Amino acid sequence: MSLFIRNYKPNSLATVYNVKIWRLHSTAAESTQKKDENEEEFRVLDILKKKDRIQRKVTRRADIQPDRSDRMAPDQNWGNVWPGPKTFHPSSVPLPLRQGYVPKGQAPPGKKANAELMKVPNFLHLTPPVIKSQCEAIKQYCTEWPNLLNSQEAIEKHYPVEIITSDYCHASPSIRNPLARIVTLRVKLSTLKLDKHARDKFIRLVGDRYDSSTDLVTITADRCPARIQNTDYVNYLLTACFHEAWNVEEWEKDKTEDDMEYYDWNNNASKKSLVNWHLQKKGESKTLTDDEYKSFDVSEIQHADGYKNAVSDWMNSGESEETVKKYAEAVRKLFGLPEKKVV
Amino acid sequence: MANNIRNINKCIPRNSLSYIVPRLLTVQQYREYARPTSFPDFFQNPIFRKEDQAQLIESAELPKIAALPVRPPAVYQTSSAYHDPLVTKVINHVMEMGKKQMARNLVEKAFENIKRSQIERYHLASTPEAKAKIELDPKKILHKAVENAKPLLQLQPIKRGGITYQVPGPITEKRSLFLAIKWLLEATNEKERTVHFPEQFAWELLDAANNTGKVVKRKQDLHRQCEANRAYAHYRWQ
Amino acid sequence: MLSRNWRHLCRRYSQAVNFRTTENSPAQHNDKQEGLFYTINPDLCKQLFAHGGFPRSFMKQTKTFTETAIMVRQPALDLLACIKASDMSQPVIRYVLYGEKGTGKSITLAHLLHYAHEEGFLIVHVPWVSEWLRRVPRHKEMSNSQTHEGFVDLPLDAAAWLIHFKSQNQTLLKSGELKTSKQYVWSKRETTEAGSPLAALVEHGISRVKYACDVVDALIDEIKILSNAKQCKTFVAIDGFNSFFYPLTRLNTPTKRKVKPEEVTLTTSFMKITTNDWNNGAVVVTADQLAFPDDHQESYLPRYLLYKKGFEHLDPFVPIEVGRYSDKEFISCVNYYRDRLWLRGPPEIEAELKFTSASNPYRFMEQCAPL
């Protein structure tokens, strides 16, 4: 029933047309038509309504041009074809590019109408010959490179402060990248020419920004929105730390040996006991004042230097099996005892 | 006890996992755990002794069970050279409140005491024959002591005609082992407060190994009682 | 391949029954005897170590093994070589034995004491300092010092030490060559005259326990003077020396005030003898973790155990590490234990014990016990 309704819903025009076609193709029907014209026409129930496929006419232009990329001369000036940064255009690039994710085993789609290729930023305007020619062009505005800065060492010597920033190539409507504002300042601590106290204080001030293995101080600023502001800020930080490091507070004079940051052998009991031992060995029994102990020249004692280093190492770099072993060796040398046998 | 274990096995949802392992491979095996484990039944008990493994390899049974899932071994299941199932059993009996380290230390201390006293006796013995007689291995002494303390019969209370009779009957191997260890520990705990457990336990073990002492007497008392009550023996089945 | 070689090596060593040396005089010990056991004469053992000197577990072993045997180990040999090489007219050299728990510091010290006894040293030996400062039995005798203001006396401990000193130095004291240099006045009636033998001084301390601490102090002074005068050579051995430097002792004054170690008279006496202002002697001390309470045993290295104070007191000293057994020593020890019936069982047990005990001598002994 439903089928019936569907077929008869459109007006009868379609039906008539169908019938006509049917007549055209059926020779038998024609003869019957001629035979009994007056007779009522036998209408065939055409349920499936077989339509003949209508061939759509395809219009082909005879004068179609080949792709522009195919017509490019191999020795053309690429800089003229792609003068500036531009979204990828397949007809302008004579390269067999393919890009895109496909299931395994298939080839990635070609360059035409390929959104993947258009999305990514490209550097087709920055080919080496173009860069070269552009450099040539702007050379007339450049000054000469100072010939004394001929090596990395020289550069580091004259310009110890290094400012590191990053520029970003960006494919969004805005050309600004927020990461571009970050400024990093790097300087070798040894170039700052600090004295012992100032150096120690500077290291304490900068904290973990100082790397003792490379002797580099790295200050990074990203708190201001613009790069120039951040640059000013890092410079300010370095200056402030530098000058603060030279300040000596009033209370620092009250420091005793126990408060010292590191073990100074000359100020400690170890030297006193060594000197006492030495004097006793020589058979002199005299008591020295503290200053005399400090200024006592230990170079007259044999092997005293090794002992001094061993004790300082033990105290400064912490107690471990190596430091104790080193100390044992130094003391044995000092006393003239046989070496420990290595098993 | 055994019934409990069977019930617990039923509690584990076996069907949910049965598609993993073919039905053919599920091997019913005796389980020693007292409470349910997280491992389904078809997980095999680990074979942790080197001797057992060698035996498996030799009898070419290893490939058959190589693909079966195996439960991880417990802490006391080691391949150590001085592993002894009886010793671990005794340690577990000594243990209170799950303090295994303590129990182990106590038992090992007792072994040390046994060893010291036996070595002393060894040095005191004058002739080589007498020396050869002295057993120096504390583990062997423990085995001997437990063997000597094991009862062969037990008394079961059975009610007939309103009167409870103590009916003698056979005892299972497992229960006899249990009773032997239990008696040894009970005898040890009947001590002065000033005497430490390891010392007393060492003495008890040495006594039992010599077939003397409280524990052996207790066993003999039980046997005597069974003998006396042999007239009731038919109540076991009537 | 490797494991087979190793097993082969094991078998070779276990077959070698050479774990004993007949060289029973420590002065003759050298690298040839390294890792071998030598026995100490029981009479001598009683004389030297009757009042302490061996750890309790070792004493138990000597009873079970029916002999006192000590392994000749590298640290002891090293120390012997150092003592032999050192110039006796120079200020004394302090040696510090250190090492993990149970590696044999006290046994090494006992070995050296044997050497000192044989060489005719006057022995000043403290078996275990913590016995005085950290062990508080129910009846700990304590009194305020009469002679030193604000100090605390341990008269019974001091008297016990004097007995120990007397028994260790029997022969030297009997000869009566050692004389006091000055007169000591103890009370109105009791004095020790100048020129009286050292034995009399010691006897006085033992019989009049009240003055024992002062006697110890005087004795130490006299020993230093005698050594300086080359009348005797002195060997100082203190076990658990770091106990003198722990901030607090377990002692309490009658007013319930905690006593610091430097407030004990015995401490000052033994501090005096461990300085290097005298000569003709040797000082060997041990720094032991066990001398400290459990919460201060993180490291076994000397600076940690001696504190800054102790380090500065001893500096410069020669640290000597007593380590775990080497392979050779371990195999020798295994053979010795097998010989003494302490270890039984199949040979593969040895490799296992070696791994579980990490070649630590004490732990190895402990782990053998229940086997």
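Start by selecting B:H83: at 16% relative accessibility it counts as buried, since buried here means under 20% relative accessible area, with exposed over 50% and partly exposed in between (1.4 Å probe, protein chains only). Before you move on, know that this is a predicted model, where local features need pLDDT of at least 70, side-chain atom pairs count only at pLDDT 80 or more, and totals for chains, interfaces and linings use all residues. Residues are numbered from 1 along each chain as its sequence is written, chains are lettered from A and ligands numbered from 1 in the order in which they are written, and side-chain values use heavy atoms, with hydrogens and water left out.

**Around B:H83**

Helices (H or I, at least four residues) and strands (E, at least two) are DSSP runs, numbered from the N terminus. Now bring up the neighbours. Leaving aside residues up to four places away in sequence, B:H83 touches B:F48, B:R49, B:Y76, B:Q77, B:T78 and B:T88, where contact means heavy atoms within 4.5 Å. Pick out B:Y76 from that group: its backbone oxygen sits 3.4 Å from a polar atom of the B:H83 side chain.

**Zoom out to chain B**

Colour chain B by secondary structure and you'll get 10 helices and two strands, running α-α-α-α-α-α-α-β-β-α-α-α along the sequence. Of its 238 residues, 36% are buried. For contacts with a separation of 6 or more, residues 24 or more positions apart account for 62%.

**Over to chain C**

Next, show chain C and select the contact: 16 residues from chain B and 19 residues from chain C. About 1600 Å² is buried between them, with carbon and sulfur atoms giving 58%; buried area is the accessible area (1.4 Å probe) that two parts lose on being put together, summed over both. Highlight B:Y82, B:K115 and B:R116, which supply 40% of the area chain B buries against chain C, more than any other three residues.

Which residue forms a salt bridge with B:E120? Select C:K63, whose closest N and O atoms to B:E120 are 3.7 Å apart.

Last stop: on the side of chain B that touches chain C, α5 (100-124) and α7 (138-149) are the elements giving two or more residues. The largest share, nine residues, comes from α5(B).

Definitions and conventions: A salt bridge is a side-chain nitrogen of Lys or Arg within 4 Å of a carboxyl oxygen of Asp or Glu. A polar contact is a pair of N or O atoms within 3.5 Å; within protein, one must be able to donate a hydrogen and the other to accept it, and residues adjacent in sequence count only if both atoms are side-chain atoms.
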